[in-house]
Amino acid sequence: MKGKKIVSSLIAVLMLAGVLTACTSNSNESGNAPAASGAPESSADTGGADTSKEAKLVYYLWGSEGVANKAILAEINKKLKADLNATIEVKYIDWPDTATKYPLLFASGEKFDMSHASPGAPVSYFTLASEGALVDITEMLDKVAPKLKAEIPDSVWENTKYKGKIYGVPSLYSEYTPTGYAYRSDLLKKYGMDKITSLDEMVEYMDNVVENESFPPINGKAEDAANMFRMLVDTTDMWLNAPGISLNELNLVTKSPEDYKTVFHPAFTQEFEDWAVKMREWADKGYWSKDVLSATLGGKDNFRAANSAGYLTHAQDWIGQYGADLKAQPDSDPYFFTFAEANKKIKRKMGVDNSTVISTNSANPERALMVIEKFMTDQSYYNLIQYGIEGKQYVIEDGVKKNPPGYNEKTDAGGFSAWSLRNDKFVVPSDTENPIRNSLFAEWDKVAIDDPYNGFSFDPSNVTTEIAAISNVNSQLGIQLMLGKTSKDPKAAVADYREQLQKAGVDKVIAEVEKQLAEFVPVN
């Protein structure tokens, strides 16, 4: 790694870590096939790579370690030792620490081999590529991972390129992650409603909850401010999130997918002021708890404890958590209102959005790429990293993955957040997933749009101070505006927010974003 260069740019990223950290995610479950045996393959059998010396690789993933992860990893390593004369050690960055520890992973000069990467991560995949933190695997693919190269379509590889070079292996998993509101369909029917497809219908549902139930419609914590902001962006005209300020905060937007180089902060619009007034009205109506700013329990937890009629999340999380929601609340059958759907702003997830990258500090980059190839092209490896050990973490019945008889979550649960290694052709549907996934995604495939910023890497080095100051303004006042909790009248609070943003340097940041966008051409 080019230490000084990457450190200087990533310090800017670290300064952005505030209280509005992204909320998402669940460890994947686990799965397996019998461990292979035998001696390591020769270099001739591995595409010309020398495997005579054992490689001990370090792989960083987000999330915490499952109780059975060590046992699963032992099975993986038996196979890797036999096939590639390699083993991996998985290290974890827990969810609350991703905003700080993930950038430090690259800025610190730590020696490791592989990690998850994304344009939307706390430090962008494209920033890491531009700063020399990632290995260029363009030529290496032909040499040591030709099967992997052939598995991924040229168009998907194209989206991972930075200045014509490939720095990461993209996922082959189809998904959409628009933000929305997961709500109880049993209550919906109780109120004589059919479905929520607009903000007006969401308000009708929430009014019924307030009038008829002992719990609020949304019972989350301060992190929901970011989701309220996403609701504003997704339901307003053709606004889309723009680069610059972290997407986990009250960030910049653009007018439309076509006019993507005109960037602005929503705070200076009438729509934002109207939204702030609406958020005060929602708060006063009791749509969320009065202590939302200090609450420690999230919306999903309260939903499952029957202390909320819904929670804010993204579509893939709602789909994946459907079984757990039903287990906790058997009659709830949660539906999902997708904010961006009405304005036809569902964005396609690109393969690069979940990528596996190799650090330039890796002592064995070729072996690391070969390991990635195994996980993405060999189903026995895929099942292990994604599902665990067959018979212990899962069984497959009638093409559906389930917990085996006698499964005990306290002793048998395990899994890795290895989304970047997923491949549609190996995916086995789970009995915990919402069965609507395939039909819903098929519908979205027909109308989805491409992210106009795919391939753009914003360099914040010229506005580090300003972005940090804006982040502070967001944490102090932005959150309160989005949750209707300002001490002043919302219109007066918006005026204060605008003034503080200008003092923090928002105009300079916008000018810098537009300057860097001037010559940018999307790779879609």
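**Figure 1. Contacts and overall dimensions of the predicted model.** Among contacts (heavy atoms within 4.5 Å) between residues at least 6 apart in sequence, 78% join residues at least 24 apart. This is a predicted model, in which local features need pLDDT of at least 70 and side-chain atom pairs count only at pLDDT 80 or more, while totals for chains, interfaces and linings use all residues. Residues are numbered from 1 along each chain as its sequence is written, and side-chain values use heavy atoms, with hydrogens and water left out. The protein contains 20 helices and 15 strands; these are DSSP runs numbered from the N terminus, helices being H or I of at least four residues and strands E of at least two. The radius of gyration is 23 Å, close to the 24 Å that the globule rule gives for 524 residues, so the protein is as compact as a globular protein of that length. That radius is taken over C-alpha atoms, and the rule is 2.2 Å times the number of residues to the power 0.38. Along the principal axes, the C-alpha atoms fill a box of roughly 70 × 55 × 40 Å.

**Figure 2. Burial and surface of the protein.** Of the 524 residues, 57% count as buried; buried means under 20% relative accessible area, exposed over 50%, and partly exposed in between, with a 1.4 Å probe and protein chains only. The protein exposes about 21,100 Å², of which carbon and sulfur atoms supply 48%. Accessible areas come from the Shrake-Rupley method with a 1.4 Å probe, and for residues only the protein chains shown count as cover.

**Figure 3. The aromatic pair Tyr382 and Phe426.** The whole structure holds 31 aromatic pairs. The ring centres of Tyr382 and Phe426 lie 5.3 Å apart with their planes at 55 degrees, so the pair is tilted. Rings of Phe, Tyr and Trp (its six-membered ring) pair if their centres lie within 6.5 Å; planes under 30 degrees apart count as stacked, over 60 as edge-to-face and the rest as tilted. Tyr382 belongs to helix H15 (residues 379–386), whereas Phe426 sits in the loop between helix H16 (409–412) and helix H17 (437–447), so that the pair links distant parts of the chain, 44 residues apart. Tyr382 is buried, with a relative accessible area of 1%, and Phe426 is buried at 7%.

**Figure 4. Helix H15 and its cover.** Seven of the eight residues of H15 are buried, among them Ser380, Asn383 and Leu384. What covers the buried residues of H15 includes helix H2 (69–84) and helix H14 (365–377). Just after H15, Gly388 takes a positive phi of about 110 degrees.

Figure 5. Asp237 is found in the loop between helix H10 (224–235) and strand E8 (240–241), and counts as partly exposed at 48% relative accessibility. Ala306 lies in the loop between helix H12 (299–304) and strand E11 (310–314), and at 29% relative accessibility counts as partly exposed.

**Figure 6. The loop position of Ala342.** Ala342 is placed in the loop between strand E12 (334–338) and strand E13 (355–358). Ala342 is exposed, with a relative accessible area of 56%. From C-alpha to C-alpha, Ala342 and Gln316 are 18 Å apart in space, and they are 26 residues apart in sequence.
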